[in-house]
Amino acid sequence: MTAAPLLFCPAPHCPGPGTAAPAASRPGRTRRALACGAALLVLAGAPALAQTFVPDASGRQGAALAPTESTGLSGMLADGTSLLRLPVVVAPSRPAQAAADDAEPDSPATLLADRIELSGDRVLTASGGVVAWYRGTRLIAERVVYDGAAGTMRIEGPIHLSEPGKAGSDDETVLIADAAQLDEGMRDGLLTGARLVLARELQLAAAEVRRSGEGRMTTLSHVVASSCQVCAEDPTPLWEIRARRITHDAETRRLHFERAQFRAFGLPVAMLPWFSAPDPTVDRMTGFLTPEMRTTSGLGVGVKLPYFITLGDSADLTLTPYLAASRTTTLELRYRQAFTDGALQLEGALSHDDLEDGSRGYLFGAARFRLPHDYWLGLQLQSVSDRPYLLDYDVTDADRLWSGVTLDRVASDRLVAARIGRYETFREGEDSATSPGLVADALWERRLRPGLLGGEAGLQFSVHGHRRSSDADGDGRDMMRGSARLDWQRVEILPGGVVGSVQTRIDADLYRIRDDASFDSSQARLTPIAAVEFRWPLISQGGGVTHVLEPVAQFVWSPRASEDDPIPNEDSTLVEFDEGNLFSIDRLPGRDVVEGGFRANLGLGWTRIDPAGWSLGLTAGRVLRSRPDPAFDQDGDMLSGRRSDWLLAATYSGPNGLAMANRALFDDDLTLHRNELRVGWLRPGLQLSAGYLWIDADTEPDRLEDVSELTATTGVQLAPGWRMTAEGRYDFAIDRAQKAELGLEYRNECVTVDLSVSRRFTSSDTVRADTDVGLSVRLGGFGRQRDGGAATVARRSCLR
C-alpha cells in the first residue's frame, strides 16, 4: 500500500510539498510495526511485499545458474535470489482541475426557492427551501439575502455548501453551517457553527470557518477533527484532534494545526504547538512517515522514524534512522526514480550492533530501461556484509545474491536474451570458491513455418560460460559452451481421430573446459533426437456430463551416452518427473547432459466435467527404456533403470472455490517414493493455500533424510472489520516447526490496527532463530487510504 507521509515541524517551517512515483515495497517478510508513543505521528503506513523462503534441497556442488525471471520482477526466484520491484508510474504534481473550474466567468446563477422578494437597492431575499447554483457550486439553505450592490450574501441555515461535480471523488469537499456571510461567488466568506468534510473521510467541526483566496484557504477556529463516527448517544470518538486553529490549503492539499491536542477515547494523549498533515486526497508528500517499533529477540525493542523526500514528480528519497534497545544504530536509505522509458531503485543500510563485530550493511539496486527496437536493458546490484544481516533486519530471505546486466527482446517469432552477472551464495554446504561465481549466457532463437515440410521449425544459437574463483583441480572447474539447435515438428489428424505428430531435433555443442584434469580441454558433440507421438482423444457425453479419455504413446530415440561422459554435468543436477514432462523428448533441463537411448513414454489421461460446475482429472504414465540411461543414475529411482516410477496425478476443481492437485511417484511394488499435495480454497471471507511434500531419502543418492513437510497460509474474515491470517511450515522428519506467523487485523472507518507474532525456528552456523512481535496503528483521514488490509470494514452506525 502506498500511503501519504505526515509533515511534522516544531515551528512553522515545513518543507514544501511535492509528488513522486508511487511507493514500491522492498523485498522481505511482511512489515510488522509497533505504534509510536507520539500518537499524532501515527497517520499512515506502507507494509512491504511478502515473500516465501525457498530452502536448498540439493546438497550438491553449486551448479552454473542464472536468474529465472527478468530484472524488475519481485519475489523469490527458483535459484534462491530475490529481485526488487521497480517504480514505473509517475503521479501528477497537482490534482486535475474539475470541469466546473473551466466554466465561463460570466455564467449566470440559478436560484430556486419557495418565496423570492426584491426590495431596496438590488437586495434579493429568498426563503423556504433555497437552492442556488453558480459555477459548479451548490448552496442549500433556509434563507438567503443577496446584496447586489455590495456583492455579498447573508445566509441562514441549516446550510449545505458543496460542488456536485466532485461528488464521490477524492476532491469532494462539503461545508455544513448554521449561518454564513459569503461573497457572490459562494467561495469566500465567514461561516459559523460549521463542519467541513473532506473526501467523505475527515470531519472538522468548528465554531467559525473563514474561506479566502477563491475558496483555496479554509481556516477553522476552535476545531475538533476526526474521521470516526460520532453519535448523539456516544459523542466521544475513538480518536480526535482538538486545535485552536486548523487551516486547509486546497491547492497544496495540506492541513496545518495550531495548538493541537490528540485524544484517544476522550483522554488527552499528546500535545504539539504546531504540525502539518496531508488531507485525505494526498498520495505523496515530503515529511515523516509512520514511526515503527520492531521487537525481535536479536535486536530487542527498536524504533524507526522514516523521513520521505519528494524530488520532483518522478523521484523520491527515504531516510530511516533505526535505534534498537542500545543494540543497534542503523541508517536506512532508499532512492527511486521513474523515467519515460524505465525506472531505477537503490536501497541499503549501514548498521553498528552487538550481534557482529564491526560495521554491517547491505546495498541493493535495480534498473530497467527500454532501448530502441523493443530491447530492454536490466541492471541489478546486490551486496551484503553477511547473510544474517538480511534476516536480522528483515530485508529478504534470499540465500543467493545476483548482480549483473541483462538484455532481452521478445517478439512473436523470435527471442534475444543475454545476461552476465556474479552470484554470491549463503546456502549451507555451498562454498563460494567452488560454486560458479561469474555466469554469462546469450541466446538467439527464431521460429519458422517451412512451406515445403509444413509444421513448425526453430533455429537457436546460444553461448554459456561460468567461472569459479578457486584454481583447485576439479573443484575450480571453469567452462564455456557454444551451442546450435535445429528442431521441427508437424501434427496431423490420422484416420479414426488419432492425432499423430513427428518431431526431430539436432544439437551441436562445443565445450572448453579448464582446471579439471578429468576432462579434455576441448569437446564437441552432435546429438540428434527423433520422436513420433500418437494421441487418441475419446469424448463421451450423457446427462450433461462430459468424459474425455486420451491414451498417449510417444516413442523417442537419441544416441545413448556412455558411462564415462566426456562432458561434466553442470546445469542438469536437479531433474523433475511430473505430468508436465511425461511426454517430453528430453527431461533434463540443461544442455550438458542429454537423455539417450530408445524409450517409450506411455500415459493415459481422463477428465470428467460435470454440469454442476466441478471437474476431475487423472493422469497416469511411466517411461520404458530399452536400456538404462546413466544420465539419471544421480537422480535416484524415479527415472533410472529400464522402467521409471509410475506417475499418478489428480486434479479437482469445484464450484465452491476449492481446488486440489496431487502428484505421486511409486514403483511396481506400490512403494511410494514421492508425493506432493496442494490445496487451495477461495471463498468470500476465506483464503486457504496448503501443501504437503514427501520424498523418500532412499530414492536420491545425495539425500540423507526424508522430506516430510507441511506448509499452509490462510486468511479468515472473522467478522466485519476483523481478519486473521496465519502462515506456518512444519517439518515432520525432524518433528519441529520451521516457521510460524499469526496476524490479527481490525479496521473500521477511522482506524486500522494490525497485530502480528512470528517465529523463525531454523538455526544454523549463519542463521539465528528469531521471534518478531509487532503492532501497527494507522489513523484514517490523513493521506489517501488504499485497500489491502481487511477484506471488509466495520462500518459503525448510530443507534436510532
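**Surface patches in the predicted model**

Arginine 512 counts as partly exposed, at 49% relative accessibility. The model is a predicted one. In it, arginine 512 has its place in strand S29, which covers residues 499-514. On the surface, Arg512 gathers with Arg422, Arg467 and Arg514 in a patch of positive charge. The value of 49% lies between the limits of 20% and 50%, so arginine 512 is called neither buried nor exposed.

A nonpolar patch also occurs on the surface. Leu494, Val502, Val532, Phe534, Phe555, Trp557 and Phe598 form this patch. Together they have about 580 Å² of accessible area. Two or more residues of the nonpolar patch come from strand S30 (522-535), and two or more from strand S32 (545-558). Phenylalanine 555 lies in strand S32. The relative accessible area of phenylalanine 555 is 32%, and the residue is therefore partly exposed.

Aspartate 698 is found in the loop between strand S38 (686-695) and strand S39 (707-719). With a relative accessible area of 69%, aspartate 698 is exposed. The cut-off for this class is over 50%, which is why aspartate 698 belongs to it.

Conventions: Residues numbered from 1 in each chain as written. Predicted model: local features only at pLDDT ≥ 70, side-chain atom pairs only at ≥ 80, totals over all residues. Heavy atoms only, no water. Patch = residues over 30% accessible without salt bridge, like charges linked within 9 Å, V, L, I, M, F, W, Y side chains within 5 Å. Areas by Shrake-Rupley, 256 points an atom, 1.4 Å probe, with all protein chains shown as cover. Salt bridge = Lys/Arg side-chain N within 4 Å of Asp/Glu carboxyl O. Lys, Arg positive; Asp, Glu negative; His and termini not counted. Charge placed at Lys NZ, Arg CZ, Asp CG, Glu CD. Helix = DSSP H or I, 4+ residues; strand = E, 2+ residues; numbered from the N terminus. Buried < 20%, exposed > 50% of the residue type's maximum accessible area, 1.4 Å probe, protein only.
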